[in-house]
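This report describes selected features of one protein model. Please consult the sequence and the structure shown below while reading.

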Amino acid sequence: EKTSMSDTSPHAASHTSPHALRVLVIDDDPEGARSLSELFRCYGCATSVAYSGRVGLRLLKLFKPELVFVDFDMPDMNGLEVVSEAKLIDAEAGRHVMYVCLTGGGPEITDESAGSAGFNRLLYKPLNVTDLLAVLLAARPGNFAAGSNAPAIRPARPMYRDRTPKH
């Protein structure tokens, strides 16, 4: 079982606000999981990554995330099994966590089956950054970076409002 605890080290945590949205990514594709984690860190979130369902469930207890992205198709446990066990852990701890199912598509998972399994949202790979940021805002309405100096969600190009027209 592979896991990345480096994202939860005190050194990494010092770069984010103590009030930052805590995001856990559980995906057996290390490159995809790390990329997603890095994107969220760029937006001021505190992140942790697990490359299997079992390790993800252990990190759920240690890291105490508010938002969890779970890959549907993993070798040790599928996303439905992970979220089912995760909900028991949350209930025991009295925590409310938002779960997002990540899938490449296929008939095994639909919005209905994901919802009845306990997922709040279903996203299809390849992932769209706009959809991911919408999920961050849904998890923490207002400012998910909670006062950190992370970039705000804004257009890629700066707006020049104070320009005078040239004649």
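The model is predicted. Within it, D71 belongs to strand β4, which spans residues 67-71. D71 counts as buried because its relative accessibility is 5%, under the 20% limit. Its side chain forms a polar contact with the side chain of K125, at 3.1 Å. Leaving out residues up to four places away in sequence, D71 touches I26, D27, D28, G79, L102 and K125.

The cysteines come next. A disulfide is a covalent bond between the sulfur atoms of two cysteines. The count of disulfides in this model is zero. The sulfur of C42 has its closest cysteine sulfur in C45, 10.0 Å away, which is too far for a bond; a disulfide requires sulfur atoms within 2.5 Å. C45 is likewise in no disulfide. The table gives the accessibility of these two residues.

| Residue | Relative accessibility | Class |
|---|---|---|
| C42 | 49% | partly exposed |
| C45 | 0% | buried |

Which residues touch the most other members of the largest nonpolar core? They are I26, V68, V70 and Y99, in a core of 26 residues. At least two residues of this core come from each of β2 (22-26), β3 (46-50), α3 (53-63), β4, α4 (79-93) and β5 (98-103). The largest share, five residues, is supplied by α3. Apart from this core lies another, of 20 residues, including Y43, V49, F69 and L136.

Beyond its neighbours within four places in sequence, V70 is in contact with I26, G79, V82, Y99, V100, C101, L102 and F119.

Note on methods: Residues are numbered from 1 along each chain as its sequence is written. This is a predicted model: local features need pLDDT of at least 70, side-chain atom pairs count only at pLDDT 80 or more; totals for chains, interfaces and linings use all residues. Side-chain values use heavy atoms; hydrogens and water are left out. Helices (H or I, at least four residues) and strands (E, at least two) are DSSP runs, numbered from the N terminus. Buried means under 20% relative accessible area, exposed over 50%, partly exposed in between (1.4 Å probe, protein chains only). A polar contact is a pair of N or O atoms within 3.5 Å; within protein, one must be able to donate a hydrogen and the other to accept it, and residues adjacent in sequence count only if both atoms are side-chain atoms. Contact means heavy atoms within 4.5 Å. A nonpolar core is a set of buried Ala, Val, Leu, Ile, Met, Phe, Trp, Tyr and Cys residues joined through side-chain atoms within 4.5 Å.
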